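Please look at the model shown here with me. Some questions about the words used for it follow, each with its answer.

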Amino acid sequence: MLTLWEPQRELLTRTPSPFAAEVRRLALSVPTSGGKTLVAQLLSVAHLAAASTSVCYVSPTRTLGREVRRAMASRLRILQKEVGTEQPDHPAMSGSDPFDFLRLFSAPVFDERPPDVDVMTPERLANLLRHDADAVLARFGLFIFDEAQLIKERGRGFTLESVISYLHFRTQGSDHRIVLISAAMGNAGQVAQWLDPSGDAQLFESQWRGPRRLHALYGTTPRWTGATSTKQARKQEFPYRLGIPLHGSVRLRLSDGRPVVALETTQPIGALVLKAPTGTLDAKGLKKDSTKSTKNYEIASAMIAMLGHAGSVLVVAPTRTSAQRLAQALAGQLDENPATAPIVEFVRGQLGDDHPLVDVLRHGVGFHHAGLPIEVLEAIEEAVRLDLLRFLTCTSTLTDGVNLPVRTVVIYDETYEGMPEDLRLQGARLVNAMGRAGRAGKETEGWIILVRAAASEVTFDDLNPSQDQLTITSTLATDNALEVFAALEAAQRDNQDALFSEAVGIAAGFIGFIWFVLAAGEATGTPPEDTDLHRLIDSTLAAHQLTAPQRAQLEAVAESVRQAYQRTDPAQRRSWARAGTSIGTARQLYVMANEVYARITASDAPDLATPQAAIYLLAQLGIIDRLLSLPENETPWQFRTSLNGALIPVSAENLLTDWISGKTLTEMANTHLAAASQPAWRIERLVDSVSMHFEHYLAWTLGALTEMVNTRLSDADEVVRLCTDLGTYVRYGVAAPHALIMMTSGVRSRGLANRIVAQLPPGLPSEISELQKWLNGMSLTEWRSRFAATNPEILDLLDLTRDRGRSLLRSLLETGSVAVVVHWTTEDPPDPSQALALHAVDGEPAPASTGVYADGVLHGHVTPQEQADVHSILETGMDLEIEIDSASTPPRLVLRLTAGFAS
């Protein structure tokens, strides 16, 4: 039975229906837990049922993307439709065919049939458009943008706006549909008008919430009467230290309009220590002694620890450092929890004994931020869903739409001098974080608690973002952007090259956007001079938020870009457009590509098909170090022995080679950062660098550079190629083709991929079908023993080995029976007269093989490729007749609906 929330019912029954073909633009603004994601899934399914095109679902983070895939997969399979696997943001191109449709869109597991729903980041969609916009528009008929409020975010916000703007620009006269979803859209009407100025865009808003939200404010109250005085040993201006006990204070608001309840802890939870000239509080010039006062995060953790008895607690902090400190302080107050042993062992295997995450997990506490590997983040998320962790601290990237509901959400509002305003937990970020409180369908209420580390007063109004804070503003329409454009315009008067050399930040993003649109038009026969830049800019949100003079300034910059584009060699300008970097950086990449091309075409050029050989060549030419010095790399390639310690020289080539060779993070940290005496420091710095440089920055820039090199080689009719998938190998940390197939087909653990590769039969072709056949010849128990596969890894392998585009459940419902392939473990199948049963193999941990039992004796198990389908059938609870088809070789199992059910 499907139960719809109130806003879902209201939206789905309105006129015109959101499913109607004429509704081509839809803005959906519903609070978190209002069911937006399910509505998006229903829109996707309805589109697939009525149209021949696919669905592009855009999520701002990979974390949210993984959750969307998980939620949609089972619903699509019953329709014999598929959701795509996660792919790198920069597609790997061969150079021989720059617009290779299958390489752009398909993972190997899908063979020649792209998935029906592709979930991707805005960066990947932008890159697909840069490579072949027409192919994107031919494949996708529905574009859904989740967390659309992130348009206003500094940095990535314009990427999201530019993608939506271009799609709107290109599809105003077609049947393509664009849907924007947000929990915090303060100016939803303006956003709808942006999508369709004619007024035909549909706007749906609701303030409905699921579980009741209860609010509390945490702070401290100094007990001045309990002050103690001590004199320091040495003479100084402030020889005394006054210690004032701090008691925790709580203000509770059970609902609007009801009195606020104030409580205080009976015991101190910290101390405020003041520097004083005398031993009394009435002395002049008292100053806080930060070195002796209890740290803000320690005080906060003492209060937060009191919440664990009531259910799971999510603590949202503004920075990684804050999240990690809070987790460590919380763990210090809790006993070890034996139930967390499995996740502790898994994380220890990934990060080593010395990573701080390992120790806090032992106490039922975790922390979650972008400096951790993907497989570790997913293990933590799953542990929260299974209630294995009582406390999880995180940055706001986890709460941006991810369905990880908990009983209590704590907002830890810590600030520091010079902190960027967009790191503050306010506006849409605050709304998303609070939306995690209370598990819909499980609980009737959730607690939201605000803790402010600074001494400033907090009020309940701080939990109610203002309309201005929730307004989605284009990053092109900010004061900072307008100042940048004015400065760029002035610089151009003295230097025609300023568009490339001096454009940074939002200006560089806007220039890159105009450059791409000119290149996309040229690729389809529209000369640069004929591209309607006025209409293009009109398709942006900024155009609806700028004054006429400000918009004219934007159009002037766009015209300057057109002129620069026309002055540039046609081959170069199209190549620069595909790089996905600023145009200035793309120009530098092109120069590097020419150097690599010259080296490869020399008579003594080596075979460059492997990623190791490609990395060696690029390092010899100094290319890797030059890539790391480009302005897009916001984190310097720098390692220290401690926070303020001496620099450690680390070869990017050597570290990168070890990474793709499959060495563990612990091995790499101990080898390359041995000069750092603290093991925990070594592993943290190494994990940070791998995440930022290898999985993101270098994976992208190496992908762009490789494409430029191979395009040159193809144009010159050269046979040799620089390792086509180099950027993807770097992204996933593998070096074997079979491992790359697995990582781009849904396997998330590089460790598992490398362990499987180590046991492959000699000569196994690098084809997904051959890999699937080999893995399907084993049982889940054998996977565990041979590959040391964890439970999440087993699930990934089950998905890797199953047949795409097929649903045994659908076939059963349509025909009344299905045949299932079984690995028989006994010499003879059961006698037909014996009573057969299907259930999880006794004694196997979940996910367990589905065993075939006859009179209680195990005779075999369902093959891995059919495990998920059979599990879906058994989960329905339908009455089945199970029999053996002895006529087939080997005998198969037949599942048949009972006569009563079929009638």
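Q: What stands opposite valine 409 in E16?
A: In this predicted model, isoleucine 448 of E16 stands opposite valine 409. Residues are numbered from 1 along each chain as its sequence is written, while local features need pLDDT of at least 70, side-chain atom pairs count only at pLDDT 80 or more, and totals for chains, interfaces and linings use all residues.

Q: What makes E15 and strand E16 a pair?
A: Two strands pair if DSSP finds at least two bridges between them, and E15 (residues 408–413) is joined to E16 (residues 445–452) by six bridges in the parallel sense. Strand E12 (residues 313–316) also runs parallel to E15, with four bridges, and the bridge partner of valine 316 in E15 is isoleucine 411.

Q: Why is strand E15 called mostly covered?
A: Buried means under 20% relative accessible area, with exposed over 50% and partly exposed in between (1.4 Å probe, protein chains only), and six of the six residues of E15 are buried. Thr408, Val410 and Tyr412 point one way from the strand, and Val409, Ile411 and Asp413 point the other way.

Q: Why is H24 called roughly perpendicular to H26?
A: Angles of 65 to 115 degrees count as roughly perpendicular, those under 35 as roughly parallel, those over 145 as roughly antiparallel and the rest as oblique. Helix H24 (residues 652–660) and helix H26 (residues 679–715) pack at about 90°, with their axes 12 Å apart, and that angle makes H24 roughly perpendicular to H26.

Key. Heavy atoms only, no water. Axes fitted to C-alpha atoms, helices over the stretch in contact; angles between N-to-C directions. Helix = DSSP H or I, 4+ residues; strand = E, 2+ residues; numbered from the N terminus.
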